[in-house]
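I'm opening my notebook on a structure that is new to me. Here it is, before I start looking things up.

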Amino acid sequence: MNPSSDDLRHRDAGAVQLSVITPVYGCTDCLEDLVDRIGAVAAALALTHEVILVDDCGPDHPWPRIRELASTRTHVVGVRLSRNFGQHSAISAGLKQSRGEVVVVMDCDLQDVPEEIPKLLGALGHDYDVALGRRTARQDSFLKRGLSAGFYALLSWLTGVRQDPSVANFGAYRRVVVDAINAMPETNRFFPLLVRWTGFRSTSVPVRHSERLSGQSSYSLGRMLRLALDVAIAYSDKPLRITVSVGIVFSMVAALVVIYTLAQYFAGNTAVAGFTSILASIWLVGGVTQVSIGVVGLYLGRVYVETKARPAYLVAEVTTGRDRPGGR
């Protein structure tokens, strides 16, 4: 049976039973409250734990605060990336550092409620490897909810896999899932799809969602669209198939035009076609050709990036608590 909080209590007392990973960007003021609330949850469950704070080089420079927390709380581990690599690469950096038998991933702004972690751990005890938090009542602005719904709808269409906008990164993951994701070599990281690709048994449980206490979301409309495009190119061939379909449609239209032109010629109707229609056709076909070349170029560019085999992130510094025998 998969480990629930009850199962984890009976494991090796010297091992880390629970790792909580949170990428830090734009909400330094929340960190102490976050760490203390996670600690209270772990204490109530009698679990040894670690909190891994990954500094993704946010605008409010959180590293000094992370170092301070790590120096006063032995279960806190700080990871500083060399630059901003994005939320999902920061999660990957935390996964690599984690040692727990179960790993919880959550945001640092306390919209993911630490007191809901026992629900996720309890769901793992029912033969599941992944327990995702399903936000039943999102405490976001109407604009943020609309952007999120649009993003996931576009992502679902591009990837051909239904994405639930009420489910994000907040969840509990068994070590076997974490090890599988750590073994994936691709540079372009999108944590939810990596988890889904592993195929391990998953479930979702309703969790509370709180208002953001500090900072603002970094996901603007433009950034969401770029993320959707990056994910589609990295995890789906649908844009290529759409391009092929458009090419087939235009080829069929061109064939019909040729047949019609020949029929008019043999019927003696040889009037010269209008200049406007010819010019419009040239521009239309040229535009479709340019878009097709662009889509293929995006895929070739992605292949080029992956063949360079550069890491998805670079770790500049790792703080190690007094009870942690060195970072990885």
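Predicted model: local features only at pLDDT ≥ 70, side-chain atom pairs only at ≥ 80, totals over all residues.

What do the buried residues of α3 pack against? I looked, and found β1, α2, β2, β3 (76-81) and β8 (315-318). My cut-off for a contact is heavy atoms within 4.5 Å. Helices (H or I, at least four residues) and strands (E, at least two) are DSSP runs, numbered from the N terminus.

Residues are numbered from 1 along each chain as its sequence is written, and side-chain values use heavy atoms, with hydrogens and water left out.

**Overall.** I find eleven helices and eight strands in the protein chain. Of its 328 residues, 45% count as buried (buried is under 20% relative accessible area, exposed over 50%, partly exposed in between, with a 1.4 Å probe and protein chains only). I also checked contacts with a separation of 6 or more: residues 24 or more positions apart account for 84% of them.

**Helix α3.** I list W63, I66, L69 and A70 as buried here. Seen down the axis of α3, they fall within an arc of 125°, so they line one face of the helix; the arc is that of the directions from the helix axis to the C-beta atoms. The face turned away from that buried side carries the exposed residues P64 and T72.

**Helix α5.** In α5, I117, L120, L121, A123 and L124 are buried. The arc for α5 is 155°, so its buried residues line one face too.

**Cores.** A nonpolar core is a set of buried Ala, Val, Leu, Ile, Met, Phe, Trp, Tyr and Cys residues joined through side-chain atoms within 4.5 Å. The largest has 34 residues, and L53, I117 and L121 touch the most other members. Elements that each supply at least two of its residues include β1 (18-24), α2 (31-44), β2 (49-55), α3 (63-72) and α5 (117-124).
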